[in-house]
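User: I am new to this structure. Please walk me through how to read it, one feature at a time.

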Amino acid sequence: MKPLAQPPTFSIVITAYQAADTIATAVESALAQTHPPLEVVVVDDGSTDDLAGALEPYAEQIRVVHRENGGGAAARNTGAEAARGDFMAVLDADDAYHPRRLEAIAELARARSELDLLTTDARLILGGEEVGTFAAATPFATANQRTSIFDTCFVGGWPAVRLSRLESIGGFDESFRIAYDWDCWLRAILDGAEAGFVDQPLYDYVLHDGSLSANRVASLWERARLLEKATHDSNLRDEERPALSRAVRMNRSRAAAAEARASLYRGAPRLPLGRLVAAPRLQPHARLAALLAVVAPPLARRMLPDDRPADDRFEGAPV
């Protein structure tokens, strides 16, 4: 397609809840872009800490929108409604843009005007140190994006999304507390959106110790739920259903195995695992592991040692 004479406009939207300690870094990174955004919008998702005090030094440079606490998806939707740019560029309150991030995304948008999702690689930060990059663990899909999005959230959690496309799919699904970004990008791609990628780590994504394990079982079940939801998407093509069915089965099985491990090694109750013995869309080894975790824990431990796949190191990232 013919490149645009000028790039589209970008609203950087920062969603914040109890983020008084980190919001300054995020805001300063947004304001320091070599390609200035149209605006920087902070959505205060019902914070009770001194977020207002932390934002006061930037009062003349940003716009703050307040809402009752409703979770990340609801805050993103509020930000999208407030944004006046062509794209909403996502930034979490404890993360940061590198100075050239918006410039890189804007140049991609100018050169490839058909793209509705624009992203870059990201550095994964744990304890103040870089522990890897997102694309190393989750490579960006340059082909077959409609089925690749079933396997991984290759777009990441921090793209710029064209607001007209976001509106056409109904925004973020507020019933999801964890996987709302993956669900949103999946629906956008099935709706016809294409995603583009700048292969430079221009975003710092902060992993928290709590996110690495505490919500693991819930996170995996939410992944399975978003994929099951996609089976009812009117934009899903018949030839894509086998790939989606395999992804549902794999993710349900991962969630079941994680739930069994939690009961074997981390003190989670065993009895609820009984429901998985006859649950649909599970691989045989996951069903057997759940059964053994209830009736024969020693055997289950032999089948499910307390180790986790390499990509679980980045459980806090939307992989």
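User: Where does proline 272 lie?

Analyst: Proline 272 lies in the loop between H10 and H11. Helices (H or I, at least four residues) and strands (E, at least two) are DSSP runs, numbered from the N terminus. Residues are numbered from 1 along each chain as its sequence is written. This is a predicted model, where local features need pLDDT of at least 70, side-chain atom pairs count only at pLDDT 80 or more, and totals for chains, interfaces and linings use all residues, while side-chain values use heavy atoms, with hydrogens and water left out.

User: Is proline 272 exposed, partly exposed or buried, and what do those words mean?

Analyst: Buried means under 20% relative accessible area, exposed over 50%, and partly exposed in between, with a 1.4 Å probe and protein chains only. Proline 272 has 38% relative accessibility, so it counts as partly exposed. For a sense of distance, take isoleucine 62, which is 210 residues from proline 272 along the chain. Their C-alpha atoms are separated by 48 Å.

User: Next, a helix. How does the span of H11 compare with what is expected?

Analyst: The expected span is 1.5 Å times one less than the number of residues. H11 covers residues 284–295, twelve residues. From first C-alpha to last it reaches 17 Å, close to the expected 16 Å.

User: Which residues of H11 are buried, and why are they on the same side?

Analyst: An α-helix has 3.6 residues a turn, so residues three or four places apart point the same way. In H11 the buried ones are Ala286, Ala289, Ala290, Leu292 and Ala293. They cover an arc of only 170° around the axis, and therefore sit on the same side of H11. That arc is taken from the directions from the helix axis to the C-beta atoms. The face turned away from the buried side carries exposed Pro284 and Val295.

User: What do the buried residues of H11 pack against?

Analyst: They pack against H10 and against H12 (297–303). Contact here means heavy atoms within 4.5 Å.

User: Now strands. Which strands does S2 pair with?

Analyst: Two strands pair if DSSP finds at least two bridges between them. Six bridges join S1 (residues 10–16) to S2, and the two run parallel. Isoleucine 12 has valine 40 of S2 as its bridge partner. The chain goes from S1 through H1 (residues 23–31) to S2, in a right-handed β-α-β crossover. Right-handed means that, with the strands pointing away from the viewer, the path from the first strand over the helix to the second runs clockwise. Five bridges join S2 to S3 (residues 63–67), also in parallel. There, aspartate 45 stands opposite arginine 67.

User: Which residues lie on each face of S2?

Analyst: In a regular strand the side chains alternate between the two faces of the sheet. On one side of S2 are Glu39, Val41, Val43 and Asp45. On the other are Val40, Val42 and Asp44. Both faces are covered, with all of these residues buried.

User: What is a nonpolar core, and which residues touch the most other members of the largest one?

Analyst: A nonpolar core is a set of buried Ala, Val, Leu, Ile, Met, Phe, Trp, Tyr and Cys residues joined through side-chain atoms within 4.5 Å. The largest one has 44 residues. Met88, Phe150, Leu166 and Leu186 touch the most other members. H8 gives the most to this core, with eight residues. A second, separate core of 40 residues includes Ala20, Ile62, Phe87 and Leu102.

User: Why is H8 called largely enclosed?

Analyst: Eleven of its eleven residues are buried, so H8 is largely enclosed by the rest of the structure. Its buried residues pack against H3, S6 (117–126), H6, S8 (160–162), H7 and H9. Leaving aside neighbours within four places in sequence, leucine 186 is in contact with Ile149, Phe150, Leu226, Leu227 and Ala230.

User: Where is arginine 76, and is it buried or exposed?

Analyst: Arginine 76 is found in H3. It is buried, with a relative accessible area of 3%. Beyond neighbours within four places in sequence, its contacts include Met88, Asp92, Asp181 and Trp185.

User: Last, backbone angles. Which phi does glutamine 18 have?

Analyst: Glutamine 18 has a positive phi of about 55°, although it is not a glycine. Its place is in the loop between S1 and H1. Asparagine 144, also not a glycine, has a positive phi of about 50°. With 60% relative accessibility, asparagine 144 counts as exposed.
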